[in-house]
Amino acid sequence: MAREDAVRCLRCLLYAINLLFWLMSICVLGVAAWLRDYLNTVLTLTAHTRLEEAAVLTYSPAVHPVIIAVCCFLIIVAMVGYCGTLKCNLLLLSWYFGSLLVIFCVELASGVWTYDEPSVQRSDMISLKSRMPNFGLQRYQWLTHTWNTFQTEFKCCGVIYFTDWLEMTEMEWPPDSCCSYQYPGCARHAHYRDLSDLYQEGCGPKIYSFIRGTKQLHVLRFLGVSIGVAQILAMTLTLTLLWALYYDRKRTEPTPPEPPPGTDPGPLTITHPPQGEAPKSGNTRPAEAWSNTATTSNGHGHTQFEMETLS
């Protein structure tokens with residue numbers, strides 16, 4: 001009874017852990033997709049600078065294709081583990097344990113291989129000004145769109161201050177994406193009447209903070225560590241459940257009945273009465289049957305001998 005309760009408890013714990021695997025994997029995929037979108041914007045603005053290398057070093061472990069593939073595979077493995085736990089199938093549970101072990105090794109190796117502290121300073125933000133003169137040109141529409149998107153999303157203007165647009169370009173006022181309330185011509189209106197309608201903070205510090213790590217990146221790292229701990233716990237519970245199920249099946253296997261002690265069944269022997277001894281009166285029918293059988297066999301023997309002689 002205690003063993004059945006222990007098996008039931010192990011199964012409930014594995015159900016809960018597999019549910020956590022589904023939830024955490026979906027969260028990792030969602031946060032990684034969000035970070036990848038912003039990372040592409042930052043990489044476009046910081047192309048061919050030290051900031052680009054620092055951003056890649058910081059976010060490559062979080063949005064690496066290997067991590068994305070591992071999370072997708074973990075969802076499938078959790079489904080297999082759920083089915084194996086539900087049906088108490090030793091083969092599915094063994095495959096589930098092996099898959100978790102492989103995923104854990106891949107995650108550990110990927111984390112160690114891609115971990116590196118970025119070396120970036122605030123003075124490196126000045127290199128972003130080299131990307132500003134191409135703003136608005138026909139050949140660099142993609143760069144114009146990236147600047148507008150970044151300034152709108154991060155609520156910043158220029159690199160250090162909004163006056164960077166006036167210094168680095170031939171523009172008389174900043175882009176409309178610098179306005180806190182955007183509408184066509186808002187930057188011109190703010191430049192001549194009220195500068196407080198423009199974002200006062202530059203985009204350089206925003207990019208620096210993004211490279212050093214955002215809250216979403218910290219959440220992603222926490223989820224990664226939580227998944228690793230849950231995998232260790234799931235592998236331990238799976239091994240325990242496998243041992244319990246195997247022991248129960250081995251104990252319930254039918255065993256052949258053994259003879260009672262003290263009895264030694266010998267080989268089966270058939271005894272014939274000695275020749276010349278007349279059978280008893282109570283056994284006349286078996287004797288007659290024996291004689292009829294012998295006569296029949298002798299008759300067949302004579303018939304076979306006569307056929308061989310004639311031939």
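Guide: This is a predicted model. The link of C179 and C186 is right-handed, with 105 degrees about the S-S bond. Their sulfur atoms are 2.3 Å apart, and the two form a disulfide.

Visitor: Are C179 and C186 buried or exposed?

Guide: C179 is buried, and C186 is buried as well.

Visitor: How many disulfides does the structure hold?

Guide: The structure holds three disulfides. Counting the bonded cysteines along the chain, the pattern is 1-6, 2-3, 4-5.

Visitor: Remind me what a disulfide is.

Guide: A disulfide is a covalent bond between the sulfur atoms of two cysteines.

Visitor: OK. What about C156 and C203, how far apart are their sulfur atoms?

Guide: The sulfur atoms of C156 and C203 are 2.1 Å apart, and the two form a disulfide. The torsion about their S-S bond is about 95 degrees, so this disulfide is right-handed. C156 lies in the loop between α5 and α6, while C203 is in helix α8, so the pair ties together parts that are 47 residues apart in sequence. At 0% relative accessibility, C156 counts as buried. C203 also has 0% relative accessibility and counts as buried.

Visitor: And which cysteine does C157 form a disulfide with?

Guide: C157 forms a disulfide with C178, and their sulfur atoms are 2.1 Å apart. The torsion about the S-S bond is about 80 degrees, so the disulfide of C157 and C178 is right-handed. C157 lies in the loop between α5 and α6 and C178 in the loop between α6 and α7, so the pair ties together parts 21 residues apart in sequence. Both C157 and C178 are buried.

Visitor: Different topic. How many aromatic pairs are there?

Guide: The count comes to 12 aromatic pairs. One of them is Y15 with Y82: the ring centres are 5.2 Å apart and the planes are at 50 degrees, so the pair is tilted. Y15 is in helix α1 (residues 2-45) and Y82 in helix α3, 67 residues apart, and the pair links distant parts of the chain.

Visitor: How accessible is Y15? And Y82?

Guide: Y15 has 23% relative accessibility and counts as partly exposed. Y82 has 34% relative accessibility and counts as partly exposed. Another pair is F154 and F210, which is edge-to-face, with 6.2 Å centre to centre and 90 degrees between the planes. F154 is in helix α5 and F210 in helix α8 (residues 203-212), 56 residues apart, so to speak of this pair is again to speak of a link between distant parts of the chain. F154 and F210 are both buried.

Visitor: Which residues do ring pairs link into a cluster?

Guide: Ring pairs link W34, Y38, F150, F154 and F210 into a cluster.

Visitor: Now the core. Which residues have the most contacts inside the largest one?

Guide: F21, L100, W147 and F150 have the most contacts inside the largest nonpolar core, which has 66 residues. Helices that each supply at least two residues of this core include α2 (50-63), α7 (186-192) and α9 (215-251). α1 gives the largest share, 13 residues. Domain 1 (1-119 + 218-250) and domain 2 (131-208) both give residues to this core, so it lies between them.

Visitor: What does F21 touch?

Guide: Leaving out residues up to four places away in sequence, F21 touches L74, A78, Y96, L100, I227, A230, Q231 and A234.

Visitor: Last one. Where is C88 found, and what is its phi?

Guide: C88 is found in the loop between α3 (65-87) and α4 (90-114). Its phi is near 55 degrees, a positive value in a residue other than glycine. Most residues other than glycine have a negative phi. At 15% relative accessibility, C88 counts as buried. K155 has a phi near 55 degrees, also a positive value in a residue other than glycine. K155 is in the loop between α5 (141-154) and α6 (164-168), and at 53% relative accessibility it counts as exposed.

How values were computed. Residues numbered from 1 in each chain as written. Predicted model: local features only at pLDDT ≥ 70, side-chain atom pairs only at ≥ 80, totals over all residues. Heavy atoms only, no water. Helix = DSSP H or I, 4+ residues; strand = E, 2+ residues; numbered from the N terminus. Buried < 20%, exposed > 50% of the residue type's maximum accessible area, 1.4 Å probe, protein only. Phe/Tyr/Trp six-rings, centres within 6.5 Å; stacked < 30°, edge-to-face > 60°. Core = buried A, V, L, I, M, F, W, Y, C linked by side-chain atoms within 4.5 Å. Domains from an automatic or database assignment. Contact = heavy atoms within 4.5 Å. Disulfide = S-S within 2.5 Å.
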